[in-house]
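Colleague: I would like to learn to read this model feature by feature. Where do we begin?

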Amino acid sequence: MGLDLRFAILSDLHIGLPHTLHDHPTRFHLVEWSIPALETVLDRLAGCPLDFLLLPGDLTQHGELENHQWLAHRLGQLPYPVFVIPGNHDIPVPEADGTAIAPATFAQIYRDFGYHHASEQPNSPALYYSQSPVPGLRLIGLNSNQFNRAGRQVGALDLQQLRWLEALLPSCRDEFVLVMVHHNVLEHFPAQRVHPIGRRYMLKNSDPLLRLLRRHGVQVVLTGHLHVQDITSQNGIFDITTGSLVSFPHPYRLAHFYHNHRGDMIGNIESFRVESLAECPDLQTYSRQWMGDRSEYFMMRMLTESPLNFSEQEAKRYAPQLRDFWATIADGDPTFDTPEFPPVLQRYLQTYEAHQRQPGEPLTQDNDTVLQLQG
């Protein structure tokens with residue numbers, strides 16, 4: 001029989017117990033409602049026939065031990081398996097600093113959620129794993145959080161991890177493989193690799209990873225970090241990134257992968273949103289306004305830097321009219337109708353629209369789509 005797989009994806013939860021949170025006037029995330037938002041989604045998922053739940057990173061606000069422990073305890077109460085990976089917020093420092101945990105502690109806390117090896121190797125620094133939660137499926141969790149010599153965090157895979165993956169993949173040729181990694185491996189908006197705002201969300205050494213995945217027929221990668229609903233593809237690989245549960249539009253995904261009668265793999269992706277909370281009955285309107293109120297700095301950067309290179313005076317003219325730009329992108333499937341803007345800016349905004357980004361690649365929608373994969 002072919003594979004028939006159902007799972008949910010929640011990304012960038014940024015869990016924060018109230019006493020661990022610090023207010024900041026320009027923060028984009030509604031982290032004070034991280035726990036109510038999570039509980040709302042978990043209540044909804046209680047009625048879904050899930051094989052497992054995936055959390056592709058940024059589980060906590062700033063890697064606080066209490067927040068990690070709270071989340072691990074809550075996940076342990078769920079009736080289905082859960083698999084997690086670390087995001088840049090989960091292990092922001094190479095060594096514990098009194099606020100954030102050390103990387104090795106992450107595997108210990110989440111040993112029941114992918115890091116089973118942590119029980120046998122308590123001092124192992126490896127934050128990547130391979131699991132088979134259902135027959136015919138191989139789930140690979142990668143760690144894209146590395147540190148340079150200065151102790152600064154870098155979004156990349158270390159050489160040891162790439163070698164481990166290269167040795168593993170030949171044994172997965174008869175399985176459907178899902179790869180989960182926090183940083184994006186494909187560009188989700190134009191020139192993201194070099195964009196002054198977007199490049200830090202990209203995996204710096206995605207090229208060797210992509211070559212390795214293509215060589216072994218891996219077609220689906222699940223990412224987070226960008227806080228945007230977007231699905232993109234390149235040369236047979238799909239990067240499905242899921243927006244943040246604490247940021248507009250507060251989304252989560254349900255996925256159904258199955259073999260059709262011809263033996264082809266079909267992936268049906270559906271997206272949902274948290275529309276309201278007891279703390280905020282109209283969360284969608286409030287959150288979109290919240291994001292727009294904090295957008296001017298980012299819009300000024302986008303307008304004054306390459307490729308637009310507007311003068312500061314020009315940028316100040318158009319930035320207020322773009323207050324909802326990032327919310328529109330984050331919502332997925334964006335369109336822009338801006339005849340009041342100069343042609344160069346109109347054309348630039350249109351490059352962000354939900355259309356076929358790469359010639360010859362399949363047209364996909366960012367929220368609800370059907371993927372047709374090779375068997």
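Modeller: With burial. A residue counts as buried under 20% relative accessible area. Keep in mind that this is a predicted model.

Colleague: Is His89 buried or exposed?

Modeller: His89 has a relative accessible area of 17%, so His89 is buried. His89 sits in the loop between β3 (82-84) and α3 (103-109).

Colleague: Which residues does His89 touch, leaving out those up to four places away in sequence?

Modeller: His14, Asp58, Thr60, Gln61, His62 and Gly63.

Colleague: Now helix packing. What describes two packed helices?

Modeller: The angle between their axes and the distance between the axes. Take α5 (residues 159-168) and α6 (residues 206-215). Their angle is about 5 degrees, and the axes are 10 Å apart. Angles under 35 degrees count as roughly parallel. Therefore α5 and α6 are roughly parallel to each other.

Colleague: Which residues make the contact of α5 and α6?

Modeller: α5 brings Leu162, Leu165 and Glu166. α6 brings Pro208, Leu209, Leu212, Leu213 and Arg215. By class, the contact has six nonpolar, no polar and two charged residues.

Colleague: And the general idea behind such spacing along a helix?

Modeller: An α-helix has 3.6 residues a turn, so residues three or four places apart point the same way. Look at α7 (residues 283-293) with that in mind. Its buried residues are Leu283, Gln284, Ser287, Trp290, Met291 and Gly292. Their cover includes β13 and α10 (325-331).

Colleague: On to sheets. In what order do the strands of the six-stranded open sheet run?

Modeller: The order is β4-β5-β8-β9-β11-β10, and the pairing is mixed. β4 (129-131) and β10 (230-234) are the edge strands, each pairing on one side only. From one strand to the next, the twist averages 20 degrees.

Colleague: How many bridges join β4 to β5?

Modeller: Three, and the two strands run antiparallel. Gln131 stands opposite Leu139 in β5.

Colleague: Which strands do α5 and α6 lie across?

Modeller: α5 lies across β4 and β5, at about 175 degrees to β5. α6 lies across β8 (176-180), β9 (220-223), β10 and β11 (237-241). The angle of α6 to β11 is about 125 degrees.

Colleague: What about side chains in a strand?

Modeller: In a regular strand they alternate between the two faces of the sheet. For pairing itself, follow β13 (residues 265-273). Nine bridges join β13 to β12 (residues 251-259), antiparallel. Five bridges join β13 to β14 (residues 369-373), also antiparallel.

Colleague: How many residues lie between β12 and β13 in their hairpin?

Modeller: Five. Gly263, in the turn, has a positive phi of about 90 degrees.

Colleague: Last, the cores. How many residues has the largest nonpolar core?

Modeller: It has 67 residues. Those with the most contacts inside it are Phe7, Leu45, Leu53, Val84, Tyr110 and Phe257. Helix α1 (residues 34-45) supplies the largest share, six residues. Another core, of 29 residues, lies apart from it, and includes Leu322, Phe325, Trp326 and Tyr352.

Colleague: What does Phe7 touch, beyond residues up to four places away in sequence?

Modeller: Leu50, Phe52, Leu54, Leu178, Leu222, Arg253, Leu254, Ala255 and Phe257.

Methods. Residues are numbered from 1 along each chain as its sequence is written. This is a predicted model: local features need pLDDT of at least 70, side-chain atom pairs count only at pLDDT 80 or more; totals for chains, interfaces and linings use all residues. Side-chain values use heavy atoms; hydrogens and water are left out. Two strands pair if DSSP finds at least two bridges between them. Helices (H or I, at least four residues) and strands (E, at least two) are DSSP runs, numbered from the N terminus. Axes are lines fitted to C-alpha atoms, for helices over the stretch in contact, and angles run from 0 to 180 degrees between N-to-C directions. Angles under 35 degrees count as roughly parallel, over 145 as roughly antiparallel, 65 to 115 as roughly perpendicular and the rest as oblique. Contact means heavy atoms within 4.5 Å. Ala, Val, Leu, Ile, Met, Phe, Trp, Tyr, Cys and Pro count as nonpolar, Asp, Glu, Lys and Arg as charged, and the others, Gly among them, as polar. Buried means under 20% relative accessible area, exposed over 50%, partly exposed in between (1.4 Å probe, protein chains only). A nonpolar core is a set of buried Ala, Val, Leu, Ile, Met, Phe, Trp, Tyr and Cys residues joined through side-chain atoms within 4.5 Å.
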